[in-house]
Amino acid sequence: MDQVEELVGFLRAPRPDVRKQAAETVLQLTGTDAGVVLLLSTHGDDKDVLTLLARLVGDQEQIASPAAAALVNMSTNDRANAALVEKKALWSSLLETLKGLQDATASGDGMKTEKPVPAQLKTCVKLLSNLTTSVAGANRLIEGRLGRDYAGLDVKLLLRAFLRAPAEIPEAGLVLTNVSRLDEGRDIFLAEDGLASVKRLIKLVTAHNPVLRRGAVLTLRNCCFDQARHGALLTTTALVDTFLLRLIGPEGIESPEDFADLSTALQDALNAAREPGAQPLRREPEGDVRRGIVETLVMFCSTRQGRVFLRDHNAYGVVKVYHPTESNEDTSEVVFKLVDMLLGDEEDEDDDNEVTGASVTELEPEPVSEPAVEVISSSDPKEMEEIAQAKGDTEEDESILLEVD
Amino acid sequence: MTTPIDYSKFEAIERAVVADEAAERAAKEAEKQRKKDEIAASDKAQKAKGKALGEGRDKLRPPAKYVDSDGDTVSGPSDGEDSDDDSDDDGLNEDEDLHPLFWRRMPKPGTKGYETAKILEDLVYKNDEDEPKHPNELAADFKEKGNEFFQWGRKYYKRALQEYKEALQWARKGDDSDDNKKCYAAILSNRAAINLKLGNNGSVVRDCEAAIKYGPDPLPNCKTHFRAACACTRLGKLREATTFVEGGLAIDAENPELLKLKKTVAAKLKEQKRVEREKERVVMEERRKDEQLRKDCLARGFHVGPLVSDIEVYLQGSIGNKTRGGFPRPGRENQSMQWAVMLMYPEHMQSEFIHAFDLTHSFRDHLQVMFPASRAAMTEANRAPWDEQGNYTVDEMEVYMEERVVHSFDMNRMWETQYTSKPDKVDWSKRRRVHVPLDKTLGDCLADPDYVIPGVPTFFVVSKASSYYVETFCPEHKGRLRIL
């Protein structure tokens, strides 16, 4: 006990090399759950390990690095997590450090870069992803350094950095997922003109790294809570197409009617996969991600516009084939729900179509004017019957077909 | 031959003949009626005489005389002669002046008729300078002819189709000019028009597709697309119809007929989709039920496999509510399941279904109801009808089940994907029998870790008292028996 307290005490030693050593030792301790609990049991305000570590995050890089890593481990503990979220000082230093992300990921023209991001920054992002799992934490991040008036700036910063170098900081995707659970968080993505960030997130759905895919899909799923934006999400982005494609496996869509009802983009993708030498389609292997995809589709079904869109694009055709391959029971249940909604009839559907097939058959066929010759031959009752019969089933084409060119 | 030909005379003749045909037909009908009356009368007479009916009918023949435009009676091809007689005939029978319209076959070279035939041919195929006409021109000519026949009405559609057929042949021999292409497309489109009226929807679609493919781009009007769309609608191919409607609207966006058709197709497609959705709902409901069953079985540790193929025969008919794999779904009541169970009596090649065998019931429970308890209790009434020797009493019966007859499904995945049409390749030599003591319950059997339910749980019932037991049944499983 004493040793631990002593160790924690060293975290605020005046000499940097001592602090560094202490930080590294603490990091090692946090490697196990037992170690974390042990550390947390040291009490007393000025000896609170979390506060001390938090302070160190703003310290020199060599010290801040193990300190931040230690905090990452400790934040898996619920109590510690809650406590950390409360520490304003921690947030300040974290966000301050994250400013560095801007430069770390920027290249001259603001496009994607291949520069490696420093480890310290990566650790900070990881810490953020743990801290934002709670609502309070997410709110804190949205609030940012500059307070309510400038809410969301830091998130935007993170978002931009993430989109520039997603492979470097995959955990940023998880931060975004956490943030997008809140209305304010969603607005940060959805309020953009043309949904540019959303579109770039959609591209990440097919990334190699499963963490990236998870972050992207779950963030997009959360965005779809915003029913007012369904229209834009459905029609201006490739969200539905991308998601449906992730559910299609190597067998593709076999029935030709089902295939014909798919969107052109999906049809093209399926045809391309059938070419010799092309990569066969693979379903999303991660269960969580598949679940996120299915849940997103369910969310679209909450609005009529979404339901109509999904039906027109034959989402059911894809889901029907994917469903038996789903090994997770819970996801399977969600799929049943989705299918129920896709196959359900709208209550008021029959009212909006005034011209049904029936009224066309009531159309009076225009009389066919034929030369006198015809009249003679049709005096025979049998012929009249034939002609009448013929007229009966050519309702639509009398007028146009009268003239042949 | 340099005699100038008077075209007008021929045309006039052609037209007049049409009118004559009508009169002719009337005459024919009168003839027919007269003959019928004749027969009726003669039949009556013959009946009176006791002869068989039908003899008089041999006398019926097509009328031998025609009336031509001048009102003259011209003798036709056969006056008492058999029309199939092809011998020593120079094509014109007796009358060399017979009008070409009434020719039955092409005249042979050397005859006067042959010359006439050649003149008529040249009329069609040579132009004013007596040179053969260009294929494009011929195509257009035949097209016009076909159009004319079309105007004359339904009775002439067949003729029109013939003309169009020849027109197409010439058009194909023609050149690649825009005009010829236009003509070609028009011919196909017109042929489609006729077929649409005749109800040959498949031909319509084919012709229109060809017209669209080989004709000028864009087509001059939207008729072709319209006709194709109509035909597709009639065939129920609503998605194709939509494509054609859109194609037509691309040419003529305001066409009212086309717009009307668009609405009709949309409405029908909507209805068709509604029906499809209805069907899919049923499919999904079945899937749900199957999943429920799978989970129940999984929870109880049951292993389920596909039906053994011979059993299928027994399952056809009364037992409803089957899984997609064809075996009946057990009912569920009071936390328990009631399975449909098959009992086989191998000695007498009999089988029986128990429709609702609860998992908690024992075999004795069921057998007691079906069979006499002992020989002493056996009567005519409670004995099984096939049990001539009276061996099947509960105290002498034994129940067995067979193991390793089918492979189990992967119980963690939907069974739907695991049904195959190919029979399960199982090594029959590895089969084992399991003796089931009568007081064991169905649940005990199904939960046995080595037993795979072959769709329908199947049990074999024998009697220790019969010789079959000793001579056949037991030796079969020697060394491969266990007890549940």
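B:R482 forms a salt bridge (a side-chain nitrogen of Lys or Arg within 4 Å of a carboxyl oxygen of Asp or Glu) with B:D448, and their closest N and O atoms are 2.7 Å apart. The pair links distant parts of the chain, 34 residues apart: B:R482 is in strand β11 (residues 481–483) of chain B, and B:D448 is in the loop between α12 (442–447) and β9 (452–454). Helices (H or I, at least four residues) and strands (E, at least two) are DSSP runs, numbered from the N terminus. Both B:R482 and B:D448 are buried, where buried means under 20% relative accessible area, exposed over 50%, and partly exposed in between (1.4 Å probe, protein chains only).

This is a predicted model, in which local features need pLDDT of at least 70 and side-chain atom pairs count only at pLDDT 80 or more, while totals for chains, interfaces and linings use all residues. Residues are numbered from 1 along each chain as its sequence is written, chains are lettered from A and ligands numbered from 1 in the order in which they are written, and side-chain values use heavy atoms, with hydrogens and water left out.

**Other salt bridges**
- The count over all chains comes to 48 salt bridges.
- B:R34 pairs with B:E38 in a salt bridge, with the closest N and O atoms 3.4 Å apart.
- B:R34 and B:E38 are four residues apart in helix α1 (residues 7–49) of chain B, so about one helical turn separates them.
- B:R34 is partly exposed, at 41% relative accessible area, and B:E38 is partly exposed, at 41%.

**Network**
- A salt-bridge network links A:E329, A:E333, B:E291, B:R294 and B:K295.
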